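Hi,

Here is the structure I promised to send over. Have a look at it first, and then read on for what I found.

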Amino acid sequence: MQRLTAQLVAGLVAALLSLLTKHCVANGGGPNLAERVIWAVNSGGEAHVDVHGIHFKKDPLEGKVGKASDYGVRLPILRSSPEDQILYQTERYNEDTFGYDIPIREEGNYILVLKFSEVYFAQSQQKVFDVRLNGHVVVKDLDIFDRVGHSTAHDEIVPFSINRGKLTVQGEVSTFNGKLVVEFVKGYYDNPKICALYVMKGTLGDVPKLQPHPGLEKHDEGEDDDDDESEGGEEGGKKPVLSRSKNRVQSGPRTPNPYAADNSSLMFPILVAFGVFIPTLFCLCRL
């Protein structure tokens, strides 16, 4: 009897512990953000621990590939917390395609977070490049200034998964050999670059968001308004429709053509004068 009671108590304790564990995980008691990050680098800069506890290592490409730049340290970076602006103020760039090799040993769902800011160029179409993940183009024609403007933080977030030796990203699948290759591809406009990047286990909802940018929000609203006043063009493009004022003043009735009026009444005095002039001239000639 005592043995049966002890077994029941042990079973109840195990069940309670299991419920408590699930409750803690559901309420954020599981691994925190920093513990989910498996690899992080501050490109072109020194090691840094951000406000979320993520430990960014010193750039392993230092002295090997490309050039490091701290040109942005003289500028405040919008959308970034003051403590983490250094992640957007330093960068690594190269005159050709370059990248990082990231070892991943476990299967699961992952997120690649790429951090950028444009601190040099002051207009679009000055620096444009692609980003590849194991040969898959995951960011096409990235123009940082065109996206967010000057000295403003911008994150590109790329979810991917690894399962049974296969990498799946943006609907494409390829063989995975344990190494994630992130490449910044040289384009026609200047050199590719990266400010910082990290890989974490999780989903899109786990990624910290940048601070809001009022200017960008207004720009987005303006784009929505433009979409409402546009119609589909070739290949899904947009053709602007000329806006017409709802209170447009309509033109009135046409002005009568003065040359279309009946001028017969004006001819009678002329004929009378001509009839008087001829006899008078004839009489004068007889004198």
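Predicted model: local features only at pLDDT ≥ 70, side-chain atom pairs only at ≥ 80, totals over all residues.

Now the aromatic rings. The count comes to eight aromatic pairs. Take Phe-56 and Tyr-198: their ring centres are 5.9 Å apart and the planes sit at 80°, so this pair is edge-to-face. Since Phe-56 belongs to strand S3 (residues 55-58) and Tyr-198 to strand S15, the pair ties together parts that are 142 residues apart in sequence. Both of these residues, Phe-56 and Tyr-198, are buried.

Phe-98 and Phe-184 make another pair, with centres 5.4 Å apart and planes at 35°, so that one is tilted. It also links distant parts of the chain: Phe-98 is in strand S6 (residues 98-103) and Phe-184 in strand S13 (residues 179-189), 86 residues apart. Phe-98 and Phe-184 are both buried. Ring pairs also join Phe-98, Phe-116, Phe-129 and Phe-184 into a cluster.

Phe-184 turns up again in the nonpolar core. The largest core has 31 residues, and Phe-160, Leu-180, Val-182 and Phe-184 touch the most other members. Strand S7 gives the most to this core, with four residues. Apart from it lies another core, of 16 residues, with Phe-56, Ile-77, Ala-153 and Tyr-198 among them.

So what about S7 itself, and how many of its residues are buried? Strand S7 covers residues 108-116, and seven of its nine residues are buried. On the pairing side, nine bridges join S7 to strand S10 (residues 154-163), and the two run antiparallel. Within that pairing, Lys-115 has Asp-155 in S10 as its bridge partner. Another six bridges join S7 to strand S15 (residues 196-201), again antiparallel. There, Leu-114 stands opposite Leu-197 in S15.

Strand S5 (residues 91-93) and S14 pair over two bridges, and Tyr-93 stands opposite Lys-193 in S14.

Last stop is a loop residue. Where does Asn-134 lie? Asn-134 is in the loop between strand S8 (128-133) and strand S9 (136-142). With a relative accessible area of 21%, Asn-134 is partly exposed; the cut-off for buried is under 20%. Leaving aside neighbours within four places in sequence, Asn-134 is in contact with Leu-167, Phe-176, Lys-179, Leu-180 and Val-181. For Val-181 there is a polar side to this: its backbone nitrogen lies 2.6 Å from a polar atom of the Asn-134 side chain. As for Val-182, its C-alpha atom is separated from that of Asn-134 by 6.6 Å, although the two residues are 48 residues apart along the chain.

Cheers

Notes: Residues numbered from 1 in each chain as written. Heavy atoms only, no water. Buried < 20%, exposed > 50% of the residue type's maximum accessible area, 1.4 Å probe, protein only. Pairing = 2+ DSSP bridges. Phe/Tyr/Trp six-rings, centres within 6.5 Å; stacked < 30°, edge-to-face > 60°. Core = buried A, V, L, I, M, F, W, Y, C linked by side-chain atoms within 4.5 Å. Contact = heavy atoms within 4.5 Å. Polar contact = N/O pair within 3.5 Å; in protein donor to acceptor, adjacent residues only side chain to side chain.
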